[in-house]
Amino acid sequence: MPHRAPHTTSTTESGSFCTARCTCGWRGPARRARSQARTDAERHLADVAAGPDAGTDPEPPLE
């Protein structure tokens with residue numbers, strides 16, 4: 001298994017907006033609430049920990 005660099009998130013502010021960023025290059029949407037930007041970062045880290053196939057169905061259900 002290849003070694004993966006750890007994901008480290010931070011938030012940056014630009015005017016009235018705050019954005020979550022990660023060392024992997026991911027960037028969340030601009031938010032007015034710092035708490036929401038931090039939540040975006042936490043969700044990103046949870047998604048990374050779950051793996052690339054977590055939460056995705058191989059095929060969509062037939063309707």
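Two residues are taken to be in contact when heavy atoms of theirs lie within 4.5 Å. On this basis, Ala-37 is in contact with Thr-11, Cys-18, Thr-19, Ala-20 and Arg-31, its neighbours within four places in sequence being left aside. The model described here is predicted.

The protein contains one helix and two strands, arranged along the sequence in the pattern β-β-α. Of its 63 residues, 14% count as buried. Among contacts with a separation of 6 or more, 14% are accounted for by residues 24 or more positions apart.

The strands β1 (9-14) and β2 (17-22) run antiparallel and are joined by six bridges. Together they form a hairpin with two residues between them. In the turn, Gly-15 has a positive phi of about 65 degrees. Within the pairing, Glu-13 stands opposite Cys-18 of β2. Strand β2 also includes Thr-19, which has a relative accessible area of 11% and is therefore buried. With neighbours within four places in sequence left aside, the contacts of Thr-19 are Ser-10, Thr-11, Thr-12, Arg-27, Gly-28, Pro-29, Ala-30 and Ala-37.

Helix α1 spans residues 34-50, a run of 17 residues. The distance from its first C-alpha to its last is 25 Å, close to the 24 Å expected at 1.5 Å a residue. The buried residues of the helix are Ala-37, Asp-40, Ala-41 and His-44. These residues lie on the same side of α1, because the arc they cover around the axis is only 95 degrees. In general, an α-helix has 3.6 residues a turn, so residues three or four places apart point the same way. On the other side of α1, the exposed residues are Glu-42, Arg-43 and Ala-49. The cover over the buried residues of α1 includes β1 and β2. Just after the helix, Gly-51 adopts a positive phi of about 100 degrees.

Ala-37, found in helix α1, has 0% relative accessibility and so counts as buried. Its C-alpha is 9.1 Å from that of Ser-10, a residue 27 positions away in sequence.

The structure holds zero disulfides. Cys-22 is in no disulfide, and the nearest cysteine sulfur, that of Cys-24, is 3.7 Å away. A disulfide is a pair of cysteine sulfur atoms within 2.5 Å, and the sulfur of Cys-24, at 3.7 Å from that of Cys-22, is therefore too far for a bond. The two cysteines also fall in separate accessibility classes: Cys-22 counts as buried because its relative accessibility is 9%, whereas Cys-24 is partly exposed, with a relative accessible area of 44%.

Notes
Residues are numbered from 1 along each chain as its sequence is written. This is a predicted model: local features need pLDDT of at least 70, side-chain atom pairs count only at pLDDT 80 or more; totals for chains, interfaces and linings use all residues. Side-chain values use heavy atoms; hydrogens and water are left out. Helices (H or I, at least four residues) and strands (E, at least two) are DSSP runs, numbered from the N terminus. The expected span of a helix is 1.5 Å times one less than its number of residues. Buried means under 20% relative accessible area, exposed over 50%, partly exposed in between (1.4 Å probe, protein chains only). The arc is that of the directions from the helix axis to the C-beta atoms. Two strands pair if DSSP finds at least two bridges between them.
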